[in-house]
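Hi,

Here is the structure I promised to pass on.

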Amino acid sequence: MSAPPPVRHLYVHVPFCPSICPYCDFHVLTRRGAQVEAYLEQLEREAARLGSAYDIDLETVYLGGGTPSFLRGEELERLSQSIRTHLGWGSQENTLEVNPGTVSAARAAHWRSLGFDRASVGVQSLHDPTLKFLGRQHDAEQAREAVRLLLETGMRVSGDLITAVAGQPLEADIAGLVALGVGHVSAYTLTIEPGTPFARRGVRVAENDERAGFTRTAELLSAAGFTRYEISNYARPGEESRHNSAYWANKFYLGLGPGAAGHYPQPSSEPGMLAVRRTNPHLHDWLAHDLSTGFAGEAELIDAEEHVTDALFMGLRTRAGVDLAGLSRSSGLDVAQRYAAPLSRNLAAGLLTQDGDVLRATEAGWWGLNRVLSDFINHTEPSPDTSGPDEHGPVKLAELDETASTQVVI
Ligand code: SF4
C-alpha cells in the first residue's frame, strides 16, 4: 500500500470569548485565571505530538473558535510560534477569526506580522438593533472600522453575516458589507440550537425570514459580483476560502485544541479503513489528558461507506459538486451502482443534477440538503432477493457537519 499523502491543513480551536452570545452552541468560555496559560502549554504539547505522528506539509492554517483575536498579542505570538515550530505554516492561506470588538490598527498590524494573511470577521449585521438582539458586544461602526483596518494591512477579509433575524434589514446589511470591500462573505441563517439561551427564551426563526435569508442573500451577492461557491459562502474571483474548501473536498486536516475535530490518514494497522476522525474533548478534559499516553478524545475509523457519505455531505454543499468516478476510486466502491436508488430518486425530484461524472445539488437541493443526504446515508443496498422500500429515519447530520458548523461563525 502506498504511503498516504502529507496532511496539508490545520484547524486550531481557541475556545475563549469576551462574552457568550445567546445563540452560540460552540465550545466556548470566557477566560479565567491561569486557563489561557495552561491552554497554551497543552497546545504546544499537542502540536509536538501531531508533528511527530504525521507527515505534514501545510497549505492552510485556520485559527477559529471562540475568538482567537481575543488572545493578547504575546499569547497569539506564542501560539503561532508553537504551530510554526512543530507543524510549519500555511504556504497558501493563514486565517484568523476576528471579533470586531478586538481590532485596533496596532493589533491588526501585529496579526499581519505574525503571518496571518486572511481575516474572517464576525460582522453578523450592520444594524445596531439586530446586533443587540444577537447579544453581540460590538456595534455597526466598530464592525465597519474593523474591516477597514484589516483591509489596510493587506489581509484578505471575509465578513460573516447572520441572516433570518426578525427585523433585520437584509438588503442594507449586504450592501453595507459589500461597500466595505470584503472579497468574501459567509452568510448563515440564525439557528436556534437546543440548550442555548435563545432556545430557553423560546426565540423562533420565522420560515419566511429563513427562506429570504437563503435566497435573497444569494440574489444580492450575485448581483454584486460574488459567486456562491458553497451553500453559505460567496466570493469574488480568487477570494474563496482555501481552508474551508479543503473540508468540502473531504481532504485530511489536523485538529488542534479543545473541541477540535481532525480528519487523518488511516492507521496501517486497520486494513479496510480509509481514515480516522478524531474529536478532542472540551477544555477541562483536554487539559487533564496526558499526551504522552496518546491523543486525547474519541477516534472513529471511517470505512468506505462512510467515506462516500462524508464526501457527498461535504461536496454537495459546493458549486463544484462531487466527482463520482473519483469517489469510486478513493472508496473502492462503485458509487453510481451502490447508490443508484437515492441517486435516481433525487435526480428525478430535481434536487440533484448530474453532468458526466459530476453530481451537484440544485438550488432546491441546497434548500433541502439534509433530506437529500439522509436518503444517501440511510440507503441500504438491496440484496438480490429483496425489493422492499429503502429505510428512512432520523440521522444525526449535525455530527457530520462539525467542521462547517464549528469553524466558521464567530
Ligand atoms: S458566537 Fe462567536 S463570539 Fe459569540 S460566543 Fe460563540 S464563538 Fe464567541
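First, the ground rules. It's a predicted model, so local features need pLDDT of at least 70 and side-chain atom pairs count only at pLDDT 80 or more, while totals for chains, interfaces and linings use all residues. Residues are numbered from 1 along each chain as its sequence is written.

The protein chain has 18 helices and 15 strands (DSSP runs numbered from the N terminus: H or I of at least four residues for helices, E of at least two for strands). Its C-alpha trace spans about 70 × 50 × 40 Å along the principal axes. Of the 410 residues, 44% are buried, meaning 20 or more other C-beta atoms, placed from the backbone, lie within 10 Å of a residue's own.

Now the sheet: three strands in the order 13-15-14, open and antiparallel (strands pair if DSSP finds at least two bridges between them).

Finally, helix 14 (residues 340-348) packs against helix 16 (residues 369-377) at about 155°, axes 8 Å apart (axes are lines fitted to C-alpha atoms over the stretch in contact, and angles run from 0 to 180 degrees between N-to-C directions). The two are therefore roughly antiparallel, a label for angles over 145 degrees.

Cheers

Note on methods:
A residue is buried if 20 or more other C-beta atoms lie within 10 Å of its own, exposed if 12 or fewer, and partly exposed in between; C-beta atoms are placed from the backbone. Angles under 35 degrees count as roughly parallel, over 145 as roughly antiparallel, 65 to 115 as roughly perpendicular and the rest as oblique.
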